[in-house]
Amino acid sequence: MRDIRVNEDILLHEGFEEYVIDSIRDLDLSIRFTPNAQALFRIRNAKSLRIRGYAEDGCESTILFWNECQAPLKADETYEVNEGAHIVIAYGECAGTETERSTYVALRKPYAHAEVVSASLVSSPLNYRMNVVHFAPHTLGEIRNFAVVLRTGKLMIDAIGKIVKGAYASKSHQTSRALSFEEGQRSTILPELLIDENDVEASHAMSIGRVDDEQLYYMMSRGLTLQQCTALLSAGYLLPVADVIEDPQVQSLLRAELERKLSEL
Amino acid sequence: MKTLEIKNLHVDVEGKNILKGVDLTVQEGEVHALMGPNGNGKSTLLAAIMGHPKYIVTEGSITWDGKNVLEMSVDERSKAGLFLAMQYPQEIPGVTNSDFLRAAMNVRRENPVPLFTFIKAMEKTIKDLEMKEDLAHRFLNEGFSGGEKKRNEIVQMELLKPDIAMLDELDSGLDVDALHIVARAINNMRNEYPLSLIVVSHYERFYELIEPQFVHVMVDGRIVVEGDAALAKKIDEEGYDWIYKEYDIKPASAAAPAKRAPSLGTCAVSEKAKASK
């Protein structure tokens, strides 16, 4: 585990690494992806984060930001993905503090592939802006958001997939789902596809809604309280984000942390 | 001895009066069959006992083991020993069978069920019901066939070990082999402890396997005829018309068939037929 307290250039290494971002200052980080790197960034404290990421040709890497901040967080992230590179950028949001995040991914060279994934337990205002832009042919961009919005939460997701002219045979897909348990909760998801090329594939799926009453009745008829149903359904929605890191120990650790949060609902 | 006692039960669903005074007593270990034409209140009675929020009890009482069931929430009824195998089990994506069942077992115990004990129990039940081995890891009922969903209800029942189980058309969607597997699992439970059953089915074949001691026929929200297993056999052979005549009653009218919407297909056929004349 490595602490990050000041501005740094981080070179990821092959295998699993864990970083803890803990600073009372605004931080400016650059991350250089390397092949087969898997990194977990626990964000304990940071006023404002500015991250610049660079994935060189052919590298396959995953980074997971796990928000544990006790104070509001603002993050501005930009990633460049080059030829044949495949990166996964994932967010686990269960801190319960106000968060504003802007993620811009440029699929710069052919066959670049980026996945932007989030799982959020929303009990404060949470604002995502995700923008995956295809600048080259044969690129693949995927955005997947899963959120459970609690009574005090307010979710806003602006998910944009953009394919510029000349980026033929590219694919841009996105799915965003928000689940709530009570009436009157506010969630806004804006799925956008901006396509300036004919030979492409693009799709978006979006759902916002309360848990079906029949499902709750079914689960409660086996003895679970409403609170236990909420936790179990939320776990089903959110826990898969932990699996982006391939290390089973890290997966179970993150799952346990999330389950602990859910058990406190 | 635990007894389910229903007295003069009236139930409304979405403003419509469905049950119009039901009396029923189920003693420990008894098996009761509930028969009757469609849309006459059998499922409503079971859902009202389990506490479905859409079903409003306007009059009457339900007690279980001397306690007022109508004052209990749905989960409390389950924990008190009531179980409903539903006609249409819900699909719950994202929640695995094992997580769900372990949570359901734990709410009945002071200490959580040890993982090894749970796995052994789950494996045995999966084997009893001849389900696929990956059942535990699949999402609850998601993508299950109709028969798998019904068998999964009995998997849950076997693991939760209720005192009284209500089976709402459990046999619909089951093929002959599956029907025998499910009946065998239920009968094994009855041999283990004094399980009470209320069974809703239209088919005498299922009753032959479960062997109810009491048969009740429900028409228009009331139990109008009661008897033993011979009554189920007679209904299977003769239908319900003799009951309507003998007791001078009419069944609640089934929902009117939806008016057939015009479609391009039917219009085209009609026009062709006209042209050929």
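In what sense do strand S9 and strand S11 of chain A pair, and over how many bridges? In this predicted model, strand S9, residues 86-93, and strand S11, residues 113-122, pair in the parallel sense over 8 bridges. Within S11(A), A:Val116 is the residue that stands opposite A:Ile89.

Let me follow the order towards S17(A). Strand S13, residues 140-149, and strand S15, residues 170-180, both of chain A, pair in the parallel sense over 10 bridges. Here A:Ile143 has A:Gln174 of S15(A) opposite it. S15(A) also pairs with strand S17 of chain A, residues 200-210, again in the parallel sense, over 11 bridges. At that pairing, A:Thr175 stands opposite A:Ala205 of S17(A).

Elsewhere in the sheet, one residue of strand S3 of chain A, residues 15-22, deserves a moment: A:Asp22. Leaving aside residues up to four places away in sequence, A:Asp22 touches A:Asp3, A:Arg5, A:Arg44 and A:Asn45. For a sense of distance, the C-alpha atoms of A:Asp22 and A:Pro125 are separated by 22 Å, and these two residues lie 103 residues apart along the chain.

I now come to the helices of chain A. Helix H2, residues 226-238, and helix H3, residues 248-263, have axes that come within 9 Å and cross at roughly 150°. At that angle, H2(A) is therefore roughly antiparallel to H3(A). The handedness of the crossing of H2(A) and H3(A) is right-handed. Which residues meet there? From H2(A) they are A:Ala231, A:Ser234, A:Ala235 and A:Leu238, and from H3(A) they are A:Leu258, A:Glu259, A:Leu262 and A:Ser263. By class, this contact of H2(A) with H3(A) comprises 5 nonpolar, 2 polar and 1 charged residues.

The next topic is the contact between the two chains. Chain A contributes 17 residues and chain B contributes 23 residues. On the side of chain A that touches chain B, helix H1, residues 213-220, and H2 each supply at least two residues. The largest share of that side, 7 residues, comes from H1(A). Sorted by class, the side of chain A that touches chain B has 8 nonpolar, 6 polar and 3 charged residues.

H1(A) also contains buried residues, namely A:Leu216, A:Tyr217, A:Tyr218, A:Met219 and A:Met220. What covers them? The cover includes H2 of chain A, together with helix H2, residues 74-79, and strand S7, residues 92-96, of chain B.

Finally, chain B. This chain has 10 helices and 12 strands. Its C-alpha atoms fill a box of roughly 75 × 45 × 35 Å along the principal axes. Of the 277 residues in chain B, 38% are buried. Among contacts in chain B with a separation of 6 or more, 72% are between residues 24 or more positions apart.

Chain B includes an open sheet of 4 strands in the order S2-S1-S4-S5, with antiparallel pairing. Its edge strands are strand S2, residues 16-26, and strand S5, residues 67-68, of chain B, each pairing on one side only. Strand S4 of chain B, residues 55-64, pairs with S5(B) in the antiparallel sense over 2 bridges. In that region, B:Thr63 has B:Asn68 of S5(B) as its bridge partner.

Thank you for your attention.

How values were computed. Residues are numbered from 1 along each chain as its sequence is written. Chains are lettered from A and ligands numbered from 1 in the order in which they are written. This is a predicted model: local features need pLDDT of at least 70, side-chain atom pairs count only at pLDDT 80 or more; totals for chains, interfaces and linings use all residues. Axes are lines fitted to C-alpha atoms, for helices over the stretch in contact, and angles run from 0 to 180 degrees between N-to-C directions. Angles under 35 degrees count as roughly parallel, over 145 as roughly antiparallel, 65 to 115 as roughly perpendicular and the rest as oblique. A crossing is left-handed if the near helix is turned anticlockwise from the far one by less than a right angle, and right-handed if clockwise. Two residues are in contact if their C-beta atoms, placed from the backbone, lie within 7 Å. Ala, Val, Leu, Ile, Met, Phe, Trp, Tyr, Cys and Pro count as nonpolar, Asp, Glu, Lys and Arg as charged, and the others, Gly among them, as polar. Two strands pair if DSSP finds at least two bridges between them. A residue is buried if 20 or more other C-beta atoms lie within 10 Å of its own, exposed if 12 or fewer, and partly exposed in between; C-beta atoms are placed from the backbone.
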